[in-house]
Amino acid sequence: MISVQNVTKAFGPKKLFEDVDVSFAPGNRYGLTGPNGAGKTTFMKILAGDEESDTGKVLRPKKLGILRQDHYKYEDNRVLDVVLMGNDALWAALTEKERLLAKEQISDEDGHRLAELETTIGEEDGYSAEADAAELLQGLGIDEPWHDQPMRALTGGYKLRVLLAQALFGKPAGLLLDEPTNHLDIESIRWLEKFLHAYDGVLITISHDRHFLNAICTHIADIDYETIITYPGGYDSMVRQKGQVRSRVESENAEKRKKIEQLREFVARFHAGTRASQVQSRIRSMQKLKLEDMKRSNIAAPFIKFEQKAPSGKQTLTLESIAKRYGGNDVIQPFSALVTRGEKIGVIGKNGVGKSTLVKMIAGELQPDSGHVRWGHQAQVGYLPQDQAGVIRPGTTAFGWLRELEDKLSNEEISGLLGRMLFSGEERMKPTATLSGGETVRLLLAKLMLFKDNVLVLDEPTNHLDLQSIAALSEGLQRYEGTVIVVTHDQELIREVCSRVWVMHRGEPVLDFPGNFDEFVEKHPDLASQH
């Protein structure tokens, strides 16, 4: 059980939540939701004990698994050891045992202490610990040859996978996972879903992956209206329930206002007349008709609408045996395809199989070693890269950057576009160097909306976006009449948007599947489980 009692947290004048009372029960899996800036990560830090609340207290189990994002903390540690560190008691016992056994002479006192340590190691399943840790790493896509390597040998994304394995290790009574699916491919996400379904402690997770939340959550704890409200079911169920509750309250308040106005009219007409008793009765009725408090919701979704200045030719893109090699390895084997106007293609595959390489060649950011990329008549390509460093010029503002890109629009038109992407008021003049990951992606999407290209090539566009923004992006892509090629691990986005799938697997040619994601899963269940 994790229990939060009368917790309040504010930063300056901005109050995130006030007098929150909520309990998280064992056996339940909670998704912690709310828009960017609502305080999800702050609340998670308070639950973990990494940050103090202004008021109140938190009761938590002794053994808590926490996914921390400090992936450069263990650079010199062996990968397997980093996972073992997830069980503090076991790791302390193993470390002390190793130190005592390294002594030239072991005293009687040391012998007694070693016996105590062996008891602790046994109680903490220490004799199967390395095998258990290796199983976790394998499930998260880190193969055995890496287990004895130092953490510095791994890329940032794989370091985070090790930290996720660390959080899951040692049978913790509670799990706090902040964005556990970041940098996971679809196969690893499915493994994690299966693991969490079998977990019998209390889980609280933050995720921007709707499919993940719908797949694993028994409840959603939603931060809004300066409090936390718990709803049964997954994310989609919460959205429906929340809308129904607010609609009901608004309807009831509207009826109450109408009744109060009728009572006021009666009181105003007869307050000085002979119907004094009836007037007093009406006044008492008005006093009883209290409107239910409706705090302002902090949820805001961008309005994403992609248009095209002019459509492309019917044969929008032709790939003629394009190929790419790195270090003697075939990253992209010769691949040919014809893309026609209005098609929406999802590119899927494990991390590191060459998805970004493929779309960079398509977007003209990288030249193929052989073959040709041929664009059709009037094709205009908008590209959103996965690595956005340096794409937005520092030293200006969000407004100033868009102003530089397009000087034909009025200031009001640019301000309107920024407002639709949640840069309102002073946010429009925010320095580009201080933009968060989500703000950066929203500003790049604003650029695509501004240019009105008829082809969009998007490499992991959902990275850093909150759930409301991802849903808005999905809706915008569904309504877009141009051509889309999108790399993503977001299964809901693929399902909702894409009518064709390019499947990439290391060492194999690209599979061009002429159907949507669900049809691909049904036709190739063996391949689907790998992505």
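Seven aromatic pairs are found in the structure. Rings of Phe, Tyr and Trp (its six-membered ring) are paired if their centres lie within 6.5 Å; planes under 30 degrees apart count as stacked, over 60 as edge-to-face and the rest as tilted. The model is predicted: local features need pLDDT of at least 70, side-chain atom pairs count only at pLDDT 80 or more, and totals for chains, interfaces and linings use all residues. Residues are numbered from 1 along each chain as its sequence is written, and side-chain values use heavy atoms, with hydrogens and water left out.

Helices (H or I, at least four residues) and strands (E, at least two) are DSSP runs, numbered from the N terminus. Phe306 counts as buried, at 6% relative accessibility. Tyr480 is buried too, with a relative accessible area of 3%. Here buried means under 20% relative accessible area, exposed over 50%, and partly exposed in between (1.4 Å probe, protein chains only).

Phe335 and Trp502 also form an edge-to-face pair, with ring centres 5.1 Å apart and planes at 85 degrees. This pair links distant parts of the chain: Phe335 is in strand β11 (residues 329–340) and Trp502 in strand β17 (residues 500–504), 167 residues apart. Both residues are buried. Elsewhere, Phe513, Phe517 and Phe520 form one aromatic cluster.

Charged side chains also sit over rings. The criterion is NZ of Lys or CZ of Arg within 6 Å of the ring centre and within 35 degrees of the ring normal. Arg442 lies over the face of Phe423, at 5.1 Å from the ring centre. Lys447 lies over the face of Phe451, at 5.8 Å from the ring centre.

The structure holds 28 salt bridges, each a side-chain nitrogen of Lys or Arg within 4 Å of a carboxyl oxygen of Asp or Glu. Lys15 and Glu18 form one of them (3.4 Å, N to O). Lys15 is partly exposed at 35% relative accessible area, and Glu18 is partly exposed at 30%. Arg78 and Asp81 form another (2.9 Å, N to O). Arg78 is partly exposed, at 22%, whereas Asp81 is buried, at 18%. In the bridge between Asp518 and Arg495, the closest N and O atoms are 2.7 Å apart. Asp518 lies in helix α17 (residues 517–523) and Arg495 in helix α16 (residues 491–497), so the pair ties together parts 23 residues apart in sequence. Salt bridges that share partners join Arg78, Asp81, Glu130 and Asp148 into one network.

Helix α7 (residues 186–198) has 13 residues. From first C-alpha to last, α7 reaches 19 Å, close to the 18 Å expected at 1.5 Å a residue; the expected span is 1.5 Å times one less than the number of residues. Its buried residues are Ile186, Ser188, Ile189, Leu192, Glu193 and Leu196. These cover an arc of only 155 degrees around the axis, which puts them on the same side of α7. The arc is that of the directions from the helix axis to the C-beta atoms. Lys194 and Ala198 are exposed on the other side of α7.
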